[in-house]
Amino acid sequence: MLFKQWRFLIIFACIIGAQACVLNAGKRPTNKYPSYRDTYKTEDVENVLKRYNFRCIYEDGKYFRCFNCTHHIAFILESKEMIFDGTKVFLTRPVVKNPRQNRFFVATVDVEKILKPLLEPEKIKKYLSNGGCIVIDAGHGGVAEGAKNSKLNLVEKRLTLNTARALQSALSKLGYKVFLTREGDVDLSLEQRGQWANKLKAQLFVSLHYNAAESTQARGIETFTYTFASHPSTDRTKALASDGSTEINNRFDVQNTYLAYCIQKSVTIRLGSIDRGVRRARFGVLRHIHCPAVLIECGFLSNDDEAKRIATNAYQEKLVNSIVKGIQRYGHNTIMRTAIMQPTQILKDFQNKKSSLPKRPLSKSQSNPNKQTL
Ligand SMILES: [Zn+2]
């Protein structure tokens, strides 16, 4: 009797199993991680910055400003944009607020790989020695012409090579051994460019590009680093399953952030260009580089006014000098107190709105009760 019951159960299980197989047969094979959840740890901004003696003020339901005697950081609620000493740096995730506690939170990865390197650059191992090897990559080449401005007869591949040669000359004068990924009008794959830098044991890699956009209004400078593993690039809000892999260049996330910041700040200030920020993207040319690496978009060819400027010797000279200065800053740990020299548009708007604010943050007892002080 007992045996008959077991036999019945086994047959029943087989029928169910067979039905499941039939149902699944028509479906596409599933990903190993079909429902990758975009979860990440966060930290209370004020608690993090307290360690550096910052005072923070929250106002207008949108802005969150933090000061100490050296730095000024502006966060914007629900935005990835952060203005650090006047230079725009994109966080990986938007700043969020806990409405019950009225506290602001940033992603832990942004604390570790963006805030800390910018606040404590002296703790970063730089890898760039005096006389070290720097590889400059002139974007595009050969049939890959890149962006164009036909009206002004400007082609990205020619401009990048000219800028790369001038940058090579300027850095060589400082004693660095500088190599270009291409010397002429040749089409190299992204892998070849990276392999060349690795073969030369480069200590720093800079890829040069000029930008183009559908909107002819777009203008300004962007500096990219390789995206942190498991986190979204700047142009996306959520991480994907495919974002999980750690690539070789992710070993230098911290160095990349500080290098990109130094260059972005130096270039936007010296050229007086619109600051489009330090960004992250999974660019193939940066992925396998064995040293700190950035990709600079040196201005928009699709904007006639900017393209005209780009074509001038004065622009090229300033651009090259400012990249050199940025690299020198990166190597020398100098604190850059330039928040007041050239605020970005966001900070300008912010400051205009806040013109009634006192110069220094108020203590809790002094502050206006209508303004929330964290
Ligand atoms: Zn390009």
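**Terms and their grounds**

Reply: Four residues lie between the strands in the hairpin of S4 and S5, and Glu78 there takes a positive phi near 65°. The model is a predicted one, in which local features need pLDDT of at least 70 and side-chain atom pairs count only at pLDDT 80 or more, while totals for chains, interfaces and linings use all residues. Residue numbers start from 1 along each chain as its sequence is written.

Me: How many bridges join strand S3 and strand S4?

Reply: Five bridges join S3 (residues 63-67) to S4 (residues 72-76), again in the antiparallel sense. Cys66 stands opposite Ile73 in S4. S3 and S4 form a hairpin with four residues between them.

Me: Why is Phe54 called buried?

Reply: A residue is buried if 20 or more other C-beta atoms, placed from the backbone, lie within 10 Å of its own, exposed if 12 or fewer, and partly exposed in between. Phe54 has 21 such atoms within 10 Å and is therefore buried. Phe54 is found in the loop between helix H2 (45-50) and strand S2 (55-59). Apart from neighbours within four places in sequence, Phe54 is in contact with Leu49, Cys66, Phe67 and Asn68; contact here means C-beta atoms, placed from the backbone, within 7 Å. The C-alpha atoms of Phe54 and Asn68 are 4.5 Å apart, with 14 residues separating them along the chain.

Me: How do you know whether His140 is buried or exposed?

Reply: His140 has 24 C-beta neighbours inside 10 Å, which means that it counts as buried. This residue lies in the loop between strand S9 (133-138) and strand S10 (148-149), and its phi is near 65°, a positive value in a residue other than glycine. In the protein chain, buried residues make up 39% of the 374 residues.

Me: Why does His332 count as exposed?

Reply: His332 counts as exposed because 12 C-beta neighbours lie inside 10 Å. His332 is found in helix H9 (residues 313-332). Its C-alpha atom is 8.4 Å from that of Glu122, 210 residues away along the chain.

Me: What makes strands S1 and S7 edge strands?

Reply: The open sheet has three strands in the order S1-S8-S7, with antiparallel pairing. Strand S1 (42-44) and strand S7 (96-98) each have a single partner strand, so one side of each is left without a neighbour in the sheet. The twist averages 40° from one strand to the next.

Me: Why is H3 called oblique to H6?

Reply: Angles under 35 degrees count as roughly parallel, over 145 as roughly antiparallel, 65 to 115 as roughly perpendicular and the rest as oblique. Axes are lines fitted to C-alpha atoms, for helices over the stretch in contact, and angles run from 0 to 180 degrees between N-to-C directions. H3 and helix H6 (residues 253-271) pack at about 60°, with axes 9 Å apart. That value makes H3 oblique to H6.

Me: Which classes of residue form the contact of H3 with H6?

Reply: Lys113, Ile114, Pro117 and Leu118 in H3 meet Asp253, Val254, Thr257, Tyr258 and Tyr261 in H6. These residues divide into six nonpolar, one polar and two charged. Ala, Val, Leu, Ile, Met, Phe, Trp, Tyr, Cys and Pro count as nonpolar, Asp, Glu, Lys and Arg as charged, and the others, Gly among them, as polar.

Note on methods: Helices (H or I, at least four residues) and strands (E, at least two) are DSSP runs, numbered from the N terminus. Two strands pair if DSSP finds at least two bridges between them. Two residues are in contact if their C-beta atoms, placed from the backbone, lie within 7 Å.
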